[in-house]
Amino acid sequence: MRIAVTGSIATDHLMTFPGRFADQFVADQLHTVSLSFLVDNLDVRRGGVGANIAFGMGQLGTRPILVGAAGADFDEYRAWLDRHGVDTDSVRISETLHTARFVCTTDADHNQIGSFYTGAMSEARLIELKTVADRVGGLDLVSIGADDPEAMLRHTEECRTRSIPFAADFSQQIARMGGDDIKVLLEGAAYLFSNEYEKGLIESKTGWSDAEILAKVGTRVTTLGAKGVRIERAGEESIEVGCPDEEAKVEPTGVGDAFRAGFLSGLAWGVSLERAAQVGCMLATLVIETVGTQEYQLRRAHFMDRFRKAYGDEAAGEVQGHLG
């Protein structure tokens, strides 16, 4: 199954604040906030929604096709992704702009404040999916993740025009999108990904109820933080999958991307939606135990031991053969 992953490609600058953000805000002065947080450390990591998801899929052996835009400083990052099983030949390289950057501070309660510089990501709107499909011999699914908003709209419309199934995954971009754009991006999606808060925001901005949205998409996948994930399809019983036990909770950045990588890999393998969600939750657990979005190691025996402990022998038996 050939899956293209569209989305941002970025460098993450991750900092840790030893206190609580909530203790620094004065309720009646929020309109004039001026704060600086003295942080303990700085980790510079590879990131970006598209690259994170593709990296996770590459680790699971599903050879995803990364579609996005980066700067001339992408060479080292490209080599890293290539080594980890990602097809990067459809990444557009800007002649003038740097690769995008995400700067994020996490407090002691794992709350986050971040800023994102788009840079070369703005050129993702110039990428045509037909060119990608022609190069690889066709596409079975396109995951449309947070990216340049115009690129997200173009990729969605092209998928509809060319009858390519697509997954809608707005994540960070939902805050700047209006209801009309969200409607365009989700209607007819084979899969709709969001977390629980984003789910409510989608319904609020579009004016569509949960039932109305379910009628417009094939499968709605809602991540629930530590509670796992809920999968819904119109007219069917929902599926709920819990998370494996964590060995440590180190840093949450990239957990949602890892879940998507695992879920999409499960689709590529042809396992059930429940199994795909279990793979996603297991991969997400590895990420929360690690600083950075692509710094975890997927040791197959260790992965399967923990997967079996969390979900049982039958589930492990259906997944293990795909991991090799």
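**Aromatic rings**

I searched the whole structure and found 11 aromatic pairs. I keep in mind that the model is predicted.

Are Phe74 and Tyr77 buried or exposed? Both are buried.

Next I checked Phe259 and Phe263. This aromatic pair is tilted too, at 5.9 Å centre to centre. The angle between the planes is 35 degrees. Where do Phe259 and Phe263 lie? I found both in helix α8, which covers residues 255-269. They are four residues apart, about one turn of the helix. Both Phe259 and Phe263 are buried.

I then followed the ring pairs onward. They link Phe259 and Phe263 with Tyr191 and Phe193 into a cluster.

**Charges over rings**

I looked for charged side chains over rings. Arg46 lies over the face of Trp80, 3.9 Å from the ring centre. Over the ring of Trp208 I found the charged end of Lys216, at 4.4 Å from the centre.

**Two helices**

I turned to helix α5 (residues 179-186) and helix α6 (residues 196-206). Their axes come within 8 Å and cross at roughly 115 degrees. Therefore α5 is roughly perpendicular to α6. I noted that the crossing is left-handed.

Which residues meet between α5 and α6? From α5 I listed Gly179, Ile182, Lys183 and Leu186. They meet Ile202, Lys205 and Thr206 in α6.

Methods: Residues numbered from 1 in each chain as written. Predicted model: local features only at pLDDT ≥ 70, side-chain atom pairs only at ≥ 80, totals over all residues. Heavy atoms only, no water. Phe/Tyr/Trp six-rings, centres within 6.5 Å; stacked < 30°, edge-to-face > 60°. Buried < 20%, exposed > 50% of the residue type's maximum accessible area, 1.4 Å probe, protein only. Lys NZ or Arg CZ within 6 Å of the ring centre and 35° of its normal. Axes fitted to C-alpha atoms, helices over the stretch in contact; angles between N-to-C directions. Parallel < 35°, antiparallel > 145°, perpendicular 65-115°, else oblique. Left-handed = near helix turned anticlockwise from the far one by under 90°. Contact = heavy atoms within 4.5 Å.
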